[in-house]
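Please look at the model below and follow its side chains step by step.

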Amino acid sequence: MSLLWLARRGLGLCLALLAASVIIFVLMDLLPGDPAEIMLGTSARPDTLAALRAEMGLDRSAWVRYAEWAGGLLRGDFGKSQTYAVPVAELVGERLVVTLPLALISLCLTLIIALPLGAWAAARRNSTTDTAIVAITQLGVAIPNFWFAMMLVLLFAISWRWLPSGGFPGWDAGPRAALALILPAIALALPQAAILTRVMRSSLLETLSEDYVRTARAKGLTRGEALRRHAFRNALIPVLTILGLQFSFLIAGTVVIENVFSLPGLGRLIFQAINQRDLVVVRSVVMVLIAFIITVNFVVDIAYALVDPRLRGRG
Amino acid sequence: MSLIALRNLRCSIDDDAVLRGVDLTIAPGEIVGLVGESGSGKSMTALAIMGLLPDQARTTGHIMFDGRDLCACDEATLCHLRGAEIGLVFQEPMTALNPLQPVGEQIAEVFMLHDKMTHADALDRARTLMDRVGLKDIPATRYPHELSGGQRQRVVIAMAVACRPKLIIADEPTSALDVTTQAQILAMLKELAVENKAALLLISHDLAIVASMADRIAVMKDGAIVETGEAASFFGSMQHPYSRALYEASIHRPRRAAAPPQTPFFIAQGCTRLYRKARLFRPAETLRGIEAVSLTVARGESVGLVGESGSGKSTLARALLGLDPLHSGTLILDGVPLKLDQSSDRRHLRRKVQLVFQDPYASFDPRRAIGWSIAEPLALLDAPPSLAAQSEMVAELLRQVGLSSDFATRYPHQMSGGQRQRAALARALIIQPELVVLDEPVSALDVSVRAQILDLLAVLQEKTGVAYLLITHDLSLLRAVTDRVFVMEKGRIVEQGQTDHILAKPENAYTRSLIAAAPDLAAIVAARRSA
């Protein structure tokens, strides 16, 4: 992987973060309406309003406020929440330990389900198995995840009482904390897995018809060996693209799923902050989520280069 | 005793008969050339022998190989035979290798599979084999995209001969390669076959290649072999009318009068266009391009531009059409230097200079009727004719290129390759240009169609007085249709002059190597007959 390549991707990452911060700031601070008034409501007393304005620095120019906010982000200082009266960084830190494991578990689940299932369907093209997998994934793509989450709760938590229906006991509770994440992770992962299974299947079908798979067969490899040794890795390239895109949907999905399962995660935090009009929290959490997604896509780019030697030399 | 015998081999795919009773035998160590046009079933025969036909294929008949019937073998037996007893070399070296695996690994896989070697031993053997197939300087850790087409084909050949198979099948092994590379690859294939005492089934559409390589020649048409014979005497004693037609078409030269000498109307002077690749902390690297290229074309003249891939032919063509800006140099049209940064001058250039591409399918918009595409250049005129007048012009041009006027409403996919190339000519000629640049106009066509298109080009030139700039790597084509020729190497013109003169007495070493490498059917046949 050439240095130039990495430098370009790194620069792209920084520019994307910068652009995201500008857009968030412009949307939330410069749009018509007084942020302080929005936060306190129209019935607020003038002196409270003035105090909040001063605290938020609304009397200063937009440039100064952006510089302060962005500078704070770089130092890890995300401002102070109006509702909770604690630093936002602390809030985000507490919530991240729920959302991050949740997202990672669902991502792993998605991969564990989608890659073998897609490969299986492709290897048995037009068989009953293939048709069944295509039909089921079609259904999986169509089902909304919050409804699916409720069905999971109904079945596993209420009827069978195997798993908790919601809430999070904290990581100090050990295995019970992990159990609390199982249903939410499944609810998040299955619709994603349905999409990825279909991508994996069609991508593998395409690579199976490539000349180099025929070459592999002409060497004396069986159909299965040619698939495993030559077609599979080539088929992963488009799957990676979709996986990178899916991650942002996964993050968006946590907002809904954390609410359904009452998990104290980032998604729930942002939802509550919007309800409470805690603009400082909303602004910073949105920035954290975006940074998350941009970084994941950066990692996907690097993964591309690791999988595909053709991309390594290119600028 | 034959090594392999195909007896009444029939195959149909989705009720389409692709093989209609193929009978062919190959003796141990024999080189058999299988020729025919596209769709005749050559590749299907190869795949049938390998047992790699598509799943929908239904096969009957017998393929007796070394005492057993491959048609009756189970998949496991075939897997043992493939790669070990029968090696296969494909047409497309660019796509025949796994892009994600180093080439050494891909060769080693054959040894690990059939000789049950350890990974390290197999890699050692792969290295030795790479040295043998002329890849001494290529590290085994290279990926396919880091190799040229010729080098990739050597890797494919290495895989095919790795286990010293008794039969090597080479399906159009060189049709995607340059002439000099082609000559090297063919010589190596023959050498390896002789060295390993292997039989070689060489499949090609090119009679010259087959005539120069094979012991015996088989001609295939519509899924059956119509004639076979000893190569030395084959072309003197052909019985089947199709074999004769194929031969006639291959050596066909259109009747055309040499252009009278005239002052050039189109001049390119000192054209330079280089491609650069940016690098971090180092100056930019200059990649291929064209440098200080000058050429002239006179009215009614046919000029050839020849060189290997990467020599800058296509870059030059794009520059001459004003598609890419020049870094230096000028184009002069009718004595007036063109300012290519001005759109009016570019329009003027394109009214006078038109282009016909190599791939007639890719050069038409698939969602537009052919008539629409043919009329499109009329927009270059200052006052485009009315729609009614346009469709009349389209009909007239279709007639001139030998198509009926109802082709105007057809779509590209409803036409054959030859018909599409005729339509491409009609599109180029509709605004009566003075020069048509032909970029490999017949290399994607079968020999019989190729002969027709060459005749058509000659007729149109006589009728309209248009000049041609023919870009090709095919020297027999140059000899057949051009008056003058420019030889291009590494972005520069290294030799130029009258075609007959250059081909007979080349002065430049590169030109000589091109000519030596190009198979010339008439010469090969004459040589084999006298031998």
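Is A:Trp162 buried or exposed? A:Trp162 is exposed, because its relative accessible area is 57%, where exposed means over 50%, buried means under 20% and partly exposed lies in between, for a 1.4 Å probe and protein chains only. This is a predicted model, in which local features need pLDDT of at least 70 and side-chain atom pairs count only at pLDDT 80 or more, while totals for chains, interfaces and linings use all residues. Residues are numbered from 1 along each chain as its sequence is written, chains are lettered from A and ligands numbered from 1 in the order in which they are written, and side-chain values use heavy atoms, with hydrogens and water left out.

A pair of aromatic rings is described by the distance of the centres and the angle of the planes. Rings of Phe, Tyr and Trp (its six-membered ring) pair if their centres lie within 6.5 Å; planes under 30 degrees apart count as stacked, over 60 as edge-to-face and the rest as tilted. Over all chains, the structure holds ten aromatic pairs. One of them joins A:Phe25 and A:Tyr66, which are edge-to-face because their planes stand at 70 degrees, with the centres 5.3 Å apart. This pair links distant parts of chain A: A:Phe25 belongs to helix α1 (residues 3-30) and A:Tyr66 to helix α4 (residues 62-75), 41 residues apart. Helices here are DSSP runs (H or I, at least four residues), numbered from the N terminus.

A:Phe25 is buried, at 4% relative accessible area, and A:Tyr66 also counts as buried, at 16%. A second pair, A:Trp160 with A:Trp162, is tilted, with 4.9 Å between the centres and 40 degrees between the planes. A:Trp160 is partly exposed, since its relative accessible area is 42%. Ring pairs also join A:Phe25, A:Tyr66 and A:Trp69 into a cluster.

The charged end of B:Lys221 is over the ring of B:Tyr242, 5.3 Å from its centre. B:Arg427 lies over the face of B:Phe364, 4.2 Å from the ring centre.

How many disulfides are there over all chains? The count is zero, a disulfide being a pair of cysteine sulfur atoms within 2.5 Å. For B:Cys79, the closest cysteine sulfur is in B:Cys73, 11 Å away, and therefore too far for a bond. B:Cys79 is buried, at 6% relative accessibility. The sulfur of B:Cys163 has its closest cysteine sulfur in B:Cys79, at 14 Å, which is also too far for a bond.

Key: Helix = DSSP H or I, 4+ residues; strand = E, 2+ residues; numbered from the N terminus. Lys NZ or Arg CZ within 6 Å of the ring centre and 35° of its normal.
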